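I opened my notebook to look through this structure piece by piece. My entries follow in the order I made them.

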Amino acid sequence: MTPDAEFGYELLVCRYAELAWHPNEGPRPAIVSRQLGTAERRWDTVVIEVDPAAFAARRAFGERTIDSDLLHVVRNAPAEWAWYRDALPHPGYPWRYVRQAVHRAAGRDLIEKRRRNNRIQLRRKRPYPEWVQRIVAIENKPDLDRSAADRLADQLVHDVETGLADEAWLATETTGDRVEPALLREMPVEAGILATDFADGVDADAAEVAWHPSDLAPAEHERRASDTETLRLEIAERAYGKGWRSFHDTMRPDCRHFELRGEGRALVPHCAAKAKSPTARECSGSCPEFSPEPPQWRTKGWPIEGGPGKGLELVLDRRRDRARDRIADDESE
Ligand code: SF4
């Protein structure tokens, strides 16, 4: 069954990307996230292609996102002890924020700090690796109609122009009817088209490439502006920390009706009360049918503190970790 909600479709596309990336160029190590981008443009699905050895080195910094302030400290931390104002480039904002970031970074064990002559010094624990190779944006539209096609064409033109992504795709569902060729012709030629068929759930062969994308990366002798590079790294870091299964952070796995259902090789949220895959918006504390899991569920036979809801979150977190482990394992084989 294909979930009717676009949200459900998005999760299936994310799982497909995790299983099958790259769709027409053979396997590439990649992590997948969703709903990320900039103030101007939010991408549905984001694929970060990584260098496996550098990715393993990135994992040594922990499983959480390193945000932009921390990145400034971690990327520039010197090998030898130095006063933070000598060691770090001027950030373009007051030094007191950098000082706070130094404390935060040390608190997360990302760098070392000490005080000498009333000055805060820092040094790195390990170099921050160049782990991001390419960034790919996928726009998901299960039912491509005229107005959606127009909107998408504009968005994809924006992607092509800003050059923030290395590749842009449209994913659309082909179950039953074929994709309407006239609508597809209106997409920018640079954007790839992924024709999905999730009627039997997700597997690595549940999609076909209907149009090959162009490489949007700068030519060899050109470079991206350093602001763009920094923004790309911030997006990649958010993707790393968030993954695509973090829907449990905003939905209500602690509701007694909340379940995870298999759609082929994907696990997607299902509401037993509504007998469907709920959207993130409707599955919230304001849902009229929300019913907290009874306290006794948390004690009877549930080894995990917090009951079944917490158990589902753990299942999702473990799957995310397994996907990360696989990339690092590829490297050590
Ligand atoms: S009843 Fe509402 S809160 Fe509970 S799982 Fe269904 S949609 Fe989510």
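Into which domains is the chain divided? I found domain 1 (6-55 + 130-242), domain 2 (67-124) and domain 3 (247-332). These bounds come from an automatic or database domain assignment.

**Ground rules**

I noted that this is a predicted model: local features need pLDDT of at least 70, side-chain atom pairs count only at pLDDT 80 or more, and totals for chains, interfaces and linings use all residues. Residues are numbered from 1 along each chain as its sequence is written.

**Domain 1 against domain 3**

I looked up the C-alpha centres of domain 1 and domain 3, and they lie 26 Å apart. Next I looked up their contact, where two residues count if their C-beta atoms, placed from the backbone, lie within 7 Å. Domain 1 puts in 19 residues and domain 3 puts in 15 residues. Which elements give two or more residues to the side of domain 1 that touches domain 3? They are helix H1 (6-20) and helix H2 (52-59). Helices (H or I, at least four residues) and strands (E, at least two) are DSSP runs, numbered from the N terminus. H1 gives the most to this side of domain 1, with seven residues. I sorted this side of domain 1 by class and got 13 nonpolar, two polar and four charged residues. Here Ala, Val, Leu, Ile, Met, Phe, Trp, Tyr, Cys and Pro count as nonpolar, Asp, Glu, Lys and Arg as charged, and the others, Gly among them, as polar.

**The six-stranded sheet**

I traced an open sheet of six strands in the order E1-E2-E6-E7-E8-E9, with mixed pairing. Two strands pair if DSSP finds at least two bridges between them. Which strands are at the edge? Strand E1 (30-37) and strand E9 (207-211) each pair on one side only. From one strand to the next, the twist averages 30 degrees.

Strand E6 (residues 132-141) and strand E7 (residues 167-173) run parallel and are joined by six bridges. Opposite glutamate 139 I found leucine 170 in E7.

Where does histidine 22 lie? I found histidine 22 in the loop between H1 and E1. Glutamine 35 is not a glycine, yet its phi is positive, near 55 degrees.

**Helices H3 and H5**

How do helix H3 (residues 68-76) and helix H5 (residues 95-107) pack? Their axes are 9 Å apart, at an angle of about 80 degrees. Axes are lines fitted to C-alpha atoms, for helices over the stretch in contact, and angles run from 0 to 180 degrees between N-to-C directions. So H3 is roughly perpendicular to H5. Angles of 65 to 115 degrees count as roughly perpendicular.

On the H3 side I listed Asp69, Leu70, His72, Val73 and Val74. On the H5 side they meet Tyr97, Val98, Ala101, Val102, Arg104 and Ala105. By class, this contact has eight nonpolar, one polar and two charged residues.

**The three-stranded sheet**

I found a second open sheet, of three strands in the order E3-E5-E4, with antiparallel pairing. Its edge strands are strand E3 (82-83) and E4. Strand E4 (residues 111-116) and strand E5 (residues 119-124) are joined by six bridges. Lysine 113 stands opposite leucine 122 in E5. E4 and E5 form a hairpin with two residues between the strands, where asparagine 117 takes a positive phi near 50 degrees. H5 lies across E4 and E5, and runs at about 120 degrees to E4.

**Hairpin of E10 and E11**

Strand E10 (residues 258-263) and strand E11 (residues 266-271) run antiparallel, with six bridges between them. Arginine 261 has valine 268 in E11 as its bridge partner. Two residues separate the strands of this hairpin, and glycine 264 in the turn has a positive phi of about 65 degrees.

**Around the ligand**

How many residues surround the ligand? I noted 13, and the closest are Cys255, Cys271, Cys283, Cys287 and Glu289. A residue is near a molecule if its C-beta atom, placed from the backbone, lies within 6 Å of it. This shell has eight nonpolar, one polar and four charged residues.

How values were computed: Angles under 35 degrees count as roughly parallel, over 145 as roughly antiparallel, 65 to 115 as roughly perpendicular and the rest as oblique.
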